[in-house]
Amino acid sequence: MDDNKPGLKKGPPQVELPPAITVKQLADILKVEPIKVIKQLMRKGIMANVNQTIDFDTASITAADFGYDAKAAKERKASPSRKEKGKGKGKLPVRPPVVTVMGHVDHGKTTLLDVIRKTNVTAHEAGAITQHIGAYQALVNGREITFLDTPGHEAFTAMRARGTQVTDIVTLVVAADDGVMPQTVEAINHAKAAKVPIVVAINKIDKPDANPERVKQQLADLGLVIEEWGGDTVCVPISARQGQGISDLLENLFLVADILELKADPDSAAEGVIIEAKLDKTKGPLATLLVQKGTLKRGDVVVAGGAWGKIKAMFDDKGKQVHKAEPSTPVEVLGLNEVAKSGDHFIVLPDEHEARSIVEKQKYPRPRPTLSLSAFSSQISDGQIKELNIVLKTDVEGSIEPIKTSVERLGTEKTKARIIHTASGSITESDVLLAAASKGIIIGFNTPTSPGATQLANVEAVGIHHYDVIYKLIEDVDKTLKGLLEPTYAEVLSGRAEVRAIFPRGKLGKIAGVYVMEGKAWRDAQVKTLRQNKVICDSRISSLKRFKEDVAEVSAGLECGLGIEGFVDFQTGDIIEFYRRERID
């Protein structure tokens with residue numbers, strides 16, 4: 001039989017549609033993403049979200065756009081819908097999306113935020129925009145959207161490290177002329193680790209050397225495949241400087257928000273997060289709060305970490321005094337007893353007595369166990385976790401791929417390793433925050449840890465593991481995933497000193513005259529000598545003197561003379577780190 005004969009050609013697949021259907025239900029029937037249906041409706045001038053109901057005619061035309069032949073479903077006896085059954089039980093209202101803008105420095109992040117802010121300010125309000133509270137709301141076509149004006153992905157992840165997921169959507173700004181840069185990669189990995197949807201804004205498309213196609217390819221190489229290439233990442237070309245594409249970007253942010261179906265209960269006691277806090281010379285402690293649930297009111301008693309107080313006044317991002325703040329609304333509040341910490345969770349309590357009681361209990365928190373390979377091995381052995389998140393830092397770019405490939409091949413049916421971020425260079429505070437927020441560890445291959453990162457790792461209880469042999473690194477991760485790794489010992493930094501003078505010590509060689517910058521120095525301590533941020537000696541203190549007298553220890557802010565066992569090659573400017581080894585169970 002010849003299938004090409006007229007009359008035998010197969011027609012489009014048929015679907016039955018009811019007289020009225022929601023956008024989400026139509027997308028399920030057509031087997032496409034809801035966002036694609038929403039965009040198709042927009043092309044017809046119909047603005048709809050996923051939960052909105054459309055009639056049969058509109059649905060059938062849309063179905064035809066996707067290659068389907070729609071026909072009306074036979075009417076059945078109406079049965080109570082889920083909505084009707086649940087009537088009276090209450091339905092959570094939609095809340096505005098909270099968006100964080102990230103990107104490489106100078107790629108137009110600040111300009112974009114400024115343009116959106118100014119676009120949504122009417123002439124008579126313009127003079128009122130006098131304060132910066134770290135977040136603001138914009139009104140677009142009758143809908144509100146909240147932007148967090150954070151310094152970058154470090155602040156975003158610092159909040160996650162403290163147990164608070166603040167952002168619904170990340171807008172990644174990439175310059176069309178520069179393309180993807182190291183900070184862009186970091187921002188992508190931080191957003192992915194948070195499992196937050198990313199909307200890409202390719203900025204500076206007005207520049208002569210703009211190359212958006214190159215940017216799209218770079219993003220695809222990092223796992224962000226844009227919609228027009230068959231992926232699911234929304235990508236919008238813009239020029240923040242000229243205001244081009246801004247409305248399209250905002251429209252797409254609302255589309256993604258509709259897919260997420262963001263809702264919150266405005267009638268419960270308020271909860272949320274501290275965006276930023278400061279001490280004002282005249283007003284005292286001020287804090288910017290983002291309400292995530294409930295409605296915050298003037299007079300409410302709030303606890304945020306170690307701070308508490310009764311709210312005396314609230315101000316919006318325009319400096320206007322307000323009496324309440326609903327979900328996704330940022331406000332600056334006056335009334336806390338001390339400066340709160342950024343990223344701390346806040347709650348509203350019935351009275352000041354209960355607030356005081358909670359704050360007193362929080363003053364002496366239990367120390368958290370360090371998240372190390374051996375700790376993970378124990379948890380995997382007990383069946384508590386199934387995935388090991390790793391931040392990998394190496395000395396050179398060429399070492400990343402072989403280590404990453406080898407590590408990701410490891411594991412069993414029940415457990416696996418996931419590399420959430422890779423880069424070359426020393427281990428930084430940003431790496432520690434990402435590991436803390438992702439409940440993971442850091443592995444360094446032939447690369448040092450910055451002093452700030454070491455201190456933060458101690459605070460955040462993040463394990464940092466250094467290797468100089470690949471097979472040993474792979475072996476330890478493999479044993480961890482199988483729950484077989486033996487307990488390890490962590491190095492805890494206890495003091496740092498700088499060599500400022502060198503003195504001969506007869507036949508014994510030389511001693512160093514040092515200034516203790518932080519912590520303390522003590523006799524027999526384990527020490528590392530660093531020169532230009534590289535470890536040149538790992539030994540112990542053989543002698544410690546102050547004014548020619550032997551002493552047991554020397555505190556920060558004092559000078560002393562010290563000798564290091566087996567090492568005499570001191571140079572002025574060398575840094576000596578004092579540490580102790582602690583067993584991690």
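Two strands are taken to pair if DSSP finds at least two bridges between them. In this predicted model, strand β5 (residues 98–103) and strand β7 (residues 143–148) run parallel and are joined by three bridges. Within this pair, V99 stands opposite F147 in β7.

The pair belongs to an open sheet of six strands, ordered β6-β7-β5-β8-β9-β10, in which the pairing is mixed. At the edges are β6 (135–140) and β10 (234–237), each of which pairs on one side only. From one strand to the next, the twist averages 30 degrees.

Helices lie against this sheet. Helix α8 (residues 212–221) lies across β8 (169–175) and β9 (198–203), and runs at about 150 degrees to β9. Helix α9 also packs on the sheet, where it touches β5, β6, β7, β8, β9 and β10. The direction of α9 makes about 95 degrees with that of β7.

Helix α9 has a helical partner as well. Two packed helices are described by the angle between their axes and the distance between the axes. For helix α2 (residues 34–43) and helix α9 (residues 246–260), the axes come within 10 Å and cross at roughly 135 degrees. Angles of 65 to 115 degrees count as roughly perpendicular and those over 145 as roughly antiparallel; α2 and α9 are therefore oblique to each other. The crossing of α2 past α9 is right-handed.

On the α2 side of this contact are P34, I35, I38, K39 and M42, which meet E251, N252, L255, V256 and I259 in α9. By type, the residues of the contact comprise seven nonpolar, one polar and two charged.

Terms used:
Residues numbered from 1 in each chain as written. Predicted model: local features only at pLDDT ≥ 70, side-chain atom pairs only at ≥ 80, totals over all residues. Heavy atoms only, no water. Axes fitted to C-alpha atoms, helices over the stretch in contact; angles between N-to-C directions. Helix = DSSP H or I, 4+ residues; strand = E, 2+ residues; numbered from the N terminus. Parallel < 35°, antiparallel > 145°, perpendicular 65-115°, else oblique. Left-handed = near helix turned anticlockwise from the far one by under 90°. Contact = heavy atoms within 4.5 Å. Nonpolar A, V, L, I, M, F, W, Y, C, P; charged D, E, K, R; others polar.
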